[in-house]
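Reader: Can you walk me through how some helices pack here? Keep it quick, please.
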Amino acid sequence: MFRIGIDLGGTKIESVLLDENLNVLQQKRIQTPQSDYFKIIDSISSLVLELSENISDFSLGVCTPGAISKQTGLIKNSNTQCLIGKPFKEDLGKKLEKKILIENDANCFAMAESKMGITKDYDLVFGVIMGTGVGGAIVINGKLHSGRTNISGEWGHHTLHRNGNPCYCGKTGCVETYISGPSLEKRWFELTGKSQSMPEILSNLNDEISQKWKCEFLENFGYGLANVIDILDPDVIVLGGGLSNIDFLYTEGKESVYEKVFSDLIETPILKNKLGDSAGVFGAALLN
Ligand SMILES: [Zn+2]
């Protein structure tokens with residue numbers, strides 16, 4: 001069976017057509033229509049019709065920012081504002097007269113890396129997205145583990161510090177409020193008074209105050225993932241998102257995790273992703 005994957009991002013919509021051996025037959029990218037929900041539905045439909053022109057049977061998966069509420073079927077927590085509260089899956093399904101599989105970016109990322117990427121040879125994979133937000137997903141033997149309430153792997157909103165930083169989700173002290181890009185930049189500003197981006201901050205980490213920033217980052221990263229290992233004990237952890245390019249996460253970061261795990265023997269690999277930005281669209285194609 002052929003597979004079509006769509007990655008719906010805030011600025012671009014990517015699409016891919018794979019054959020049964022997961023070879024890429026076609027790939028296309030267009031701009032996301034801004035603030036118009038029905039134009040987004042139309043654009044995705046046209047892409048799918050174009051890709052499926054010469055094939056009969058195919059599965060269709062969509063990767064979206066945010067999450068689909070299991071209760072209402074509506075999109076929530078999306079950074080593409082016009083999608084929030086909309087029955088996207090139902091509307092797109094009606095338009096194309098087809099069953100649509102839909103998952104968030106962390107779930108698609110973990111699926112893609114597990115089937116086509118760096119964690120292909122591991123059974124139990126914990127995928128982490130660290131970027132503007134922090135997310136995660138669990139893949140077991142090539143299948144996404146969603147959980148009873150569909151929040152499996154959402155480690156970005158487990159509490160790292162009680163009474164800590166306020167989070168948009170309504171809680172305080174969530175992992176995301178310490179190790180997402182924006183929260184690290186905010187902490188940098190608190191410590192130095194300088195408003196700088198992550199690449200600027202990372203390019204010069206020599207003085208005492210920047211070492212303090214880095215130590216805190218490593219501590220929070222360490223506790224966040226040590227908690228995951230203590231509960232899930234995955235065969236491998238793979239990092240994705242913009243911050244996965246930070247080299248010290250795979251050396252000092254890994255050490256920080258190992259120090260905090262409840263075991264004297266720990267060698268869980270913490271790996272950098274292989275598919276980069278393409279993980280979303282491949283992961284979407286792999287849903288079924
Ligand atoms: Zn939160």
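Author: First, a term: axes are lines fitted to C-alpha atoms, for helices over the stretch in contact, and angles run from 0 to 180 degrees between N-to-C directions. Helices themselves are DSSP runs (H or I, at least four residues), numbered from the N terminus. This is a predicted model, where local features need pLDDT of at least 70, side-chain atom pairs count only at pLDDT 80 or more, and totals for chains, interfaces and linings use all residues. Residues are numbered from 1 along each chain as its sequence is written, and side-chain values use heavy atoms, with hydrogens and water left out.

Reader: OK. At what angle do H7 and H8 pack?
Author: About 50°, with the axes 7 Å apart. H7 covers residues 208–232 and H8 covers residues 252–260. That makes H7 oblique to H8. Angles under 35 degrees count as roughly parallel, over 145 as roughly antiparallel, 65 to 115 as roughly perpendicular and the rest as oblique.

Reader: Which residues of H8 does H7 meet?
Author: Glu252, Gly253, Lys254, Ser256, Val257 and Lys260. On the H7 side, the residues include Lys214, Phe221 and Asp230. Contact means heavy atoms within 4.5 Å.

Reader: What classes of residue are in the contact of H7 with H8?
Author: Seven nonpolar, three polar and six charged. Ala, Val, Leu, Ile, Met, Phe, Trp, Tyr, Cys and Pro count as nonpolar, Asp, Glu, Lys and Arg as charged, and the others, Gly among them, as polar.

Reader: Next pair. How far apart are the axes of H3 and H9?
Author: 7 Å, at an angle of about 80°. H3 is residues 105–116 and H9 is residues 279–286. That makes H3 roughly perpendicular to H9. Among the contact residues are Phe109 and Met111 of H3, and Phe282 and Leu286 of H9. The contact has nine nonpolar, two polar and one charged residues.

Reader: And H1 with H2, what angle?
Author: About 45°, with axes 10 Å apart. So H1 is oblique to H2.

Reader: Switching topic. What volume does the second largest pocket have?
Author: About 230 Å³. On a 1 Å grid over the protein atoms alone, a pocket is an open set of points where a 1.4 Å probe fits, with protein on both sides within 12 Å along at least five of seven lines; lining residues have an atom within 4 Å of a point. Grid points are joined across faces, edges and corners, and a volume is the space filled by probe spheres set on the points.

Reader: Which helix gives the largest share of its lining?
Author: H7, with five residues. The lining includes Trp155, His157, Asn227 and Leu232. By class, the lining has six nonpolar, five polar and one charged.

Conventions:
Helix = DSSP H or I, 4+ residues; strand = E, 2+ residues; numbered from the N terminus.
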